[in-house]
Amino acid sequence: MTSVDTTAPRHDDMIVVPRRRPWRWVGSIVVAVVLLSIAWSFATNPNYEWPTVAKYLFDVRILKGLGTTLALTAIAMAIALGLGLLLAVMRLSQSALLSRTAGVYVWFFRGTPILVQLIIWYNLAILIPEMGLTIPGVGTVWAVDTNDVITPWTAAILGLGLNEAAYLGEIIRSGIMSVDRGQTEASKALGMRAGTSFRRIVLPQAARVIVPPTFNELVGLLKYSSVVSVIALPELLYSGQLIYARTYETIPVLIVVCIWYLVIVSVLTVLEARLERRLGAGFQATGATPAKNRRWARWMTPANR
């Protein structure tokens, strides 16, 4: 009769063999070949006309258009953030009039194309030839020709800002609703007023949810600001169109426009990542480096305000 060895094998004697993943290698090789092919095409295809791209990269007309795009995006975004916050508060209000008014605003501006809105704002004088202030029993105390007020700049700012506010209003509302109601009730129990509780307790926590989609909207606003070319406002793309309409160097000029858009979006992406990291202070996994003493964390953290 043979004896059975019941002794468990020692782990030190085992040979660990990594799992083979051949398809991972195949996928990596295919992606590398495609990337090298694209890079080779960019480097060797003379139709890209890289010397022409370099000539127009810092052209004064392109830089002026870039400045217009940045200014237009910044002003429209500032209006959209302020108005979006107001719309979000109105949507969450217990007043049916305020809530429904904000709902109609969001419905209208999200339901109509931005291009149509821009054209209507630019041609507002057809609907309202004169803008003014009329007091019943007194008459008109102030009036101005609408064409003097609605320039391409004001039409573009109104069109982009009011349209973007409808989207940001919903983003901010969802961020506010993501904060547990217990936070508000606890702040009221501590004697905080409603406004103080919203500003110091609810809004900083909601910002973690609001920031990523808001930056997405900012990037989208930056790019679709090019539609203001329909009202002859020389932003970045329209400046490029004016150049290649005279020189017929279409592709090189469009490459220049794309390069500048990519540069701006890259900067915004870095800023978004930094801001998200700062807003995540206190919500990081165990072992993560706290950002308590960093500059942005000080003004973003309610306890430090």
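The protein chain has 13 helices and 2 strands. These elements are DSSP runs numbered from the N terminus: helices are H or I with at least four residues, strands E with at least two. This is a predicted model, where local features need pLDDT of at least 70, side-chain atom pairs count only at pLDDT 80 or more, and totals for chains, interfaces and linings use all residues. Residues are numbered from 1 along each chain as its sequence is written, and side-chain values use heavy atoms, with hydrogens and water left out.

**The chain overall**
- Contact means heavy atoms within 4.5 Å.
- Among contacts with a separation of 6 or more, 71% join residues 24 or more positions apart.

**Helices α3 and α4**
- The axes of α3 (residues 60-92) and α4 (residues 96-111) come within 7 Å and cross at roughly 130 degrees.
- That makes α3 oblique to α4.
- On α3, the contact is made by Leu 83, Leu 87, Met 90 and Arg 91.
- On α4, the contact residues include Leu 98, Tyr 105 and Val 106.
- The residues of this contact divide into 7 nonpolar, 3 polar and 1 charged.

**Thr 73**
- Thr 73 is found in helix α3.
- Thr 73 counts as buried, at 7% relative accessibility.
- A polar atom of the Thr 73 side chain lies 2.7 Å from the backbone oxygen of Thr 69.
- Leaving aside neighbours within four places in sequence, Thr 73 is in contact with Leu 218, Leu 221, Leu 222 and Ser 225.

Note on methods: Axes fitted to C-alpha atoms, helices over the stretch in contact; angles between N-to-C directions. Parallel < 35°, antiparallel > 145°, perpendicular 65-115°, else oblique. Nonpolar A, V, L, I, M, F, W, Y, C, P; charged D, E, K, R; others polar. Buried < 20%, exposed > 50% of the residue type's maximum accessible area, 1.4 Å probe, protein only. Polar contact = N/O pair within 3.5 Å; in protein donor to acceptor, adjacent residues only side chain to side chain.
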